[in-house]
Amino acid sequence: MAVAGLYRRILPSPPAIEFASSEGKRLFSESLQNGTMEGFFKLISHFQTQSEPAYCGLASLSMVLNALAIDPQRKWKGPWRWYDESMLDCCEPLEKVKAEGITLGKVACLAQCAGAKVESFRTNQSTIDDFRNHVVKCTSSEHCHLIASYHRKPFKQTGTGHFSPIGGYHAESDMALILDVARFKYPPHWVPLALLWEAMDTIDEATGRPRGFMLISSHQRAPSLLYTLSCRDESWASMAKYLIDDVPILLKSEDLKSVHDVLSLLLMSLPACAGNFIKWVAEVRRQEEEGSSLSKEEKDRLAVKEEVLHQVHETELFKCVTDLLSSSTSNCKLRKKDSLTEIAANVCCEGAALLCGGLTSRNGICCRTCIRCLKDNGDKHTTVVSGTVVSGGGSEQAVDMLVPVSKAMTGSSCDTTLNNCIVMHPANNDVLTVLLLALPPTTWLDIKDESLLAEIQGLVSTENLPDALQQEVLHLRWQLHYLKRCKDKEVDTDLTLP
């Protein structure tokens with residue numbers, strides 16, 4: 001009987017040692033005793049096989065992101081938020097990855113966009129001793145994982161470039177455990193670390209540069225508390241170019257005499273879809289069948305969002321932006337979506353899509369919303385926008401959106417109609433303030449009037465911002481820099497972080 005295709009490969013040994021062999025088990029046991037298998041257990045809990053022959057980079061990354069418990073902030077299937085290769089679609093189209101594979105720089109870009117902390121090294125930017133130290137560090141911890149980009153030839157394996165996580169290290173024999181995500185081809189196996197370095201120290205024909213490795217860990221706190229930049233919208237490339245390349249040129253104008261002139265010029269010159277570039281990170285939850293109490297985690301996250309928004313409102317720049325937008329001369333191109341009702345309708349529809357997976361656009365969808373103000377266990381009140389989203393087919397999904405809020409005055413009561421509450425949902429003036437604060441400090445240096453330059457620098461300085469807002473702004477600044485590098489395809493030429 002003829003059988004089509006291939007079923008696995010025989011692992012060339014030596015140089016590799018199969019993980020499940022008696023020798024492989026011995027290496028595992030001794031490494032476990034020596035503390036260099038700590039990262040293994042989280043990785044093996046989320047071990048997956050790449051679903052396409054060219055998806056090794058995506059499979060390795062989704063495995064590591066799940067091991068680090070990084071929330072994708074959007075649904076995978078049904079109500080579940082979970083990383084698999086299909087979720088890693090922002091820096092490179094999946095169809096292109098399927099046809100051509102992916103580079104080290106693009107995998108690093110995907111990891112950054114997913115909210116991970118990443119350090120990437122080509123072999124010409126590191127040494128084998130540094131690499132060994134990184135392997136020891138990552139295999140001795142649950143909080144950092146290493147993905148290697150290497151060529152299979154030094155291991156006498158079939159194939160070319162490949163990505164896989166490193167799951168352990170045996171010090172006495174100086175061997176690393178490769179958790180090969182192509183499990184249909186080769187099982188996990190131990191290899192000499194020096195040979196792994198040789199396999200990484202090969203040229204990737206797609207970039208003309210050496211391969212290498214990346215260290216991936218989670219941030220100590222969520223990288224975006226209230227705001228994030230989006231590279232999933234078509235506007236991101238033009239907005240990144242405008243903010244980093246075009247704004248400094250605009251600021252060379254001889255006509256700028258005041259802060260109002262500067263802000264007015266920048267707002268009038270905004271690209272048409274600027275409002276899609278910076279997003280408000282909303283907290284959406286399924287309506288509970290019994291009661292509507294919030295978990296401690298939800299309360300804590302909402303409190304931080306509220307504090308960040310309050311700190312934005314306390315800046316002098318916010319007051320300047322608000323005055324400009326309220327003036328008759330304002331010509332801001334941001335979409336007018338300051339209404340909580342409009343925001344609620346959009347976010348509740350988006351939340352329903354995340355929770356049930358069946359609603360993917362506003363077409364044919366009806367969203368009914370109402371605003372409630374719930375009293376917490378203490379004296380604090382929480383604003384909840386409740387929405388019922390009905391699809392064209394008649395299916396319903398009830399969701400709640402948690403909204404940052406503050407009391408109108410100390411000691412005042414808050415009723416269900418919010419008559420005595422100030423709803424602090426992020427509006428155009430909030431978003432513009434944060435975006436201006438996130439611009440690189442060098443943006444403003446071409447302002448010719450020295451006194452005006454000093455005044456602007458005082459308004460946009462991050463040095464004296466409260467801690468929560470400062471971290472938010474610096475993260476957005478970092479995101480902006482990285483998105484610009486992605487747009488200019490610099491992530492494959494230079495792996496150095498901003």
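Which residues in α6 meet which residues in α7? In α6 they are I128, F131, R132 and V135. Their partners in α7 are L193, A194, L196, W197 and M200. The model is predicted.

## Overall picture

The protein chain holds 15 helices and 17 strands. It has 498 residues, and 52% of them are buried.

Contacts between residues at least 6 apart in sequence were also examined. Of these, 67% join residues at least 24 apart. The chain exposes about 23,100 Å². Carbon and sulfur atoms supply 51% of that area.

## Helices α6 and α7

Helix α6 covers residues 128-139, and helix α7 covers residues 193-200. They pack at an angle of about 115°. Their axes are 11 Å apart. Angles of 65 to 115 degrees count as roughly perpendicular, so α6 and α7 are roughly perpendicular to each other. The crossing of α6 and α7 is right-handed.

From α6, the contact draws on I128, F131, R132 and V135. From α7, it draws on L193, A194, L196, W197 and M200. By class, the residues of this contact are eight nonpolar, no polar and one charged.

## The setting of α7

How many of the eight residues of α7 are buried? Six are, so α7 is largely enclosed by the rest of the structure. A residue is called buried when its relative accessible area is under 20%.

The buried residues of α7 are L193, L195, L196, W197, A199 and M200. L193, L196, W197 and M200 are also among the α7 residues that meet α6.

## Helices α3 and α5

A second pair of helices is α3, residues 56-67, and α5, residues 104-113. The angle between α3 and α5 is about 30°. Their axes lie 10 Å apart. Angles under 35 degrees count as roughly parallel, and α3 and α5 are therefore roughly parallel to each other. The crossing of α3 and α5 is right-handed.

Helix α3 contributes G57, L58 and L61 to the contact. Helix α5 contributes V107, L110 and A111. The residues of this contact divide into five nonpolar, one polar and no charged.

## The two pairs in brief

The α3 and α5 pair is roughly parallel, whereas the α6 and α7 pair is roughly perpendicular. The α3 and α5 crossing is right-handed, and the α6 and α7 crossing is right-handed too. The contact of α3 with α5 has no charged residues. The contact of α6 with α7 has one charged residue.

Key
Residues are numbered from 1 along each chain as its sequence is written. This is a predicted model: local features need pLDDT of at least 70, side-chain atom pairs count only at pLDDT 80 or more; totals for chains, interfaces and linings use all residues. Side-chain values use heavy atoms; hydrogens and water are left out. Helices (H or I, at least four residues) and strands (E, at least two) are DSSP runs, numbered from the N terminus. Buried means under 20% relative accessible area, exposed over 50%, partly exposed in between (1.4 Å probe, protein chains only). Contact means heavy atoms within 4.5 Å. Accessible areas come from the Shrake-Rupley method with a 1.4 Å probe; for residues, only the protein chains shown count as cover. Axes are lines fitted to C-alpha atoms, for helices over the stretch in contact, and angles run from 0 to 180 degrees between N-to-C directions. Angles under 35 degrees count as roughly parallel, over 145 as roughly antiparallel, 65 to 115 as roughly perpendicular and the rest as oblique. A crossing is left-handed if the near helix is turned anticlockwise from the far one by less than a right angle, and right-handed if clockwise. Ala, Val, Leu, Ile, Met, Phe, Trp, Tyr, Cys and Pro count as nonpolar, Asp, Glu, Lys and Arg as charged, and the others, Gly among them, as polar.
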